[in-house]
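Please examine the sequence and the three-dimensional model shown here, and read the report that follows alongside them.

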Amino acid sequence: MKGFIQKYILPREVDFNAALREQVCAVRQTVLDLCEACLDDDRAALKRIVEDERRCHALKNRNMRELLDVFITPYDREAIYRIIDQLDWVALSVKHLGIDLLVYEVICSEEEKPVLTVLREMADSLREGFVFLGQRQTAEIVRVVNEIYVRYDQVVQQCALAAAHHLKEDAVRDYLARREIIAQLKEVARRIRVSANSLEDLAVKTV
C-alpha cells in the first residue's frame, strides 16, 4: 500500500543534489582534459573535449527535464535552473577553446601553463563545493567559493602577464592567435566563477 501511495499519489521527488554532482563532475572532467591537452601537449585529450561537452549537455538536458517535471524541489526552481545553465556554459566554453586550439594549431606556451594549473584547481574546488551542498555544510561551501574567487583573480593576472609576454616577443599573427586563446582561458575561469556564485546561492537557500 505504501508503495502504491508513493508511486501514484505523492508528488515525485528528484535528488537534485546527486543530479547536480553528476553534472559538475562531468564538467570538471572537461576542464581536466583541457588542462591535460595543454600541459602535456596531448592532442587526443584535446579531441576528447568535444565528446566531454556532449555528455555535459546531455546531463544538462536531463536535469532540465527533471526540473520541469517534478513538483517538489530542495531549492527554488530559479536557483536550480541557474546552476544547471551555468555548468553547461563552463563545458561549452571549454569546447570553444578546444576547437580554437585545434584550428589554430596552437600549443600552449610556458606563459599559459600557470593559468591552466589554476583552472584545474578551480574545477576541483567547484566539484568539492557540490559535495558539501549535499551534506548541507554551508560554511565549507563559503570557503570553497572564496577559494574560487581568489583563483579567478589569479587567472586574470596570469592571463595579463601571458598577453604582455606574447605582445613583446611574438609576431603580430602569432600574438593575435595567442590573444584569442588567452581571452577564452579567462572565459572558462569566469564561467566557473559564475557557477560558484550560483552554488553559493543554493547554499544560502539551505539555511
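## Cysteines

In this predicted model, the sulfur of C159 lies 11 Å from the closest cysteine sulfur, which belongs to C108, and that is too far for a bond, since a disulfide is counted where a pair of cysteine sulfur atoms is within 2.5 Å. C159 is buried, its relative accessible area being 2%.

When the whole structure is searched, zero disulfides are found. C56 accordingly takes part in no disulfide, and the nearest cysteine sulfur to it, that of C25, is 10 Å away. With a relative accessible area of 1%, C56 is buried.

## Overall architecture

The secondary structure of the protein chain amounts to seven helices and zero strands, so that the pattern read along the sequence is α-α-α-α-α-α-α, helices being DSSP runs of at least four residues. Taken along the principal axes, the box filled by the C-alpha atoms of the chain is roughly 75 × 35 × 25 Å.

Of the contacts in the protein chain with a separation of 6 or more, 81% are accounted for by residues 24 or more positions apart. The chain has 207 residues, of which 45% count as buried, and its accessible surface comes to about 10600 Å², with 52% of that area belonging to carbon and sulfur atoms.

## The nonpolar core

The largest nonpolar core holds 63 residues, and those that touch the most other members are L101, L116, L119, M122, L126, F130 and I192. Two or more residues are given to this core by each of the elements α2 (16-39), α3 (43-69), α4, α5 (113-134), α6 (138-169) and α7.

F130, one of the residues touching the most other members of the core, is in contact with L20, R21, V24, I83, L87 and L199 when its neighbours within four places in sequence are left aside.

I99, L102, V103 and Y104 together make a nonpolar surface patch of about 340 Å². I99 is placed in helix α4, which comprises residues 77-104, and with a relative accessible area of 36% this residue is partly exposed.

R190 is found in helix α7, comprising residues 172-204, and counts as partly exposed at 33% relative accessibility. The C-alpha atom of R190 is separated by 24 Å from that of E105, and the two residues are 85 residues apart along the chain.

Notes: Residues numbered from 1 in each chain as written. Predicted model: local features only at pLDDT ≥ 70, side-chain atom pairs only at ≥ 80, totals over all residues. Heavy atoms only, no water. Patch = residues over 30% accessible without salt bridge, like charges linked within 9 Å, V, L, I, M, F, W, Y side chains within 5 Å. Areas by Shrake-Rupley, 256 points an atom, 1.4 Å probe, with all protein chains shown as cover. Salt bridge = Lys/Arg side-chain N within 4 Å of Asp/Glu carboxyl O. Buried < 20%, exposed > 50% of the residue type's maximum accessible area, 1.4 Å probe, protein only. Core = buried A, V, L, I, M, F, W, Y, C linked by side-chain atoms within 4.5 Å. Contact = heavy atoms within 4.5 Å.
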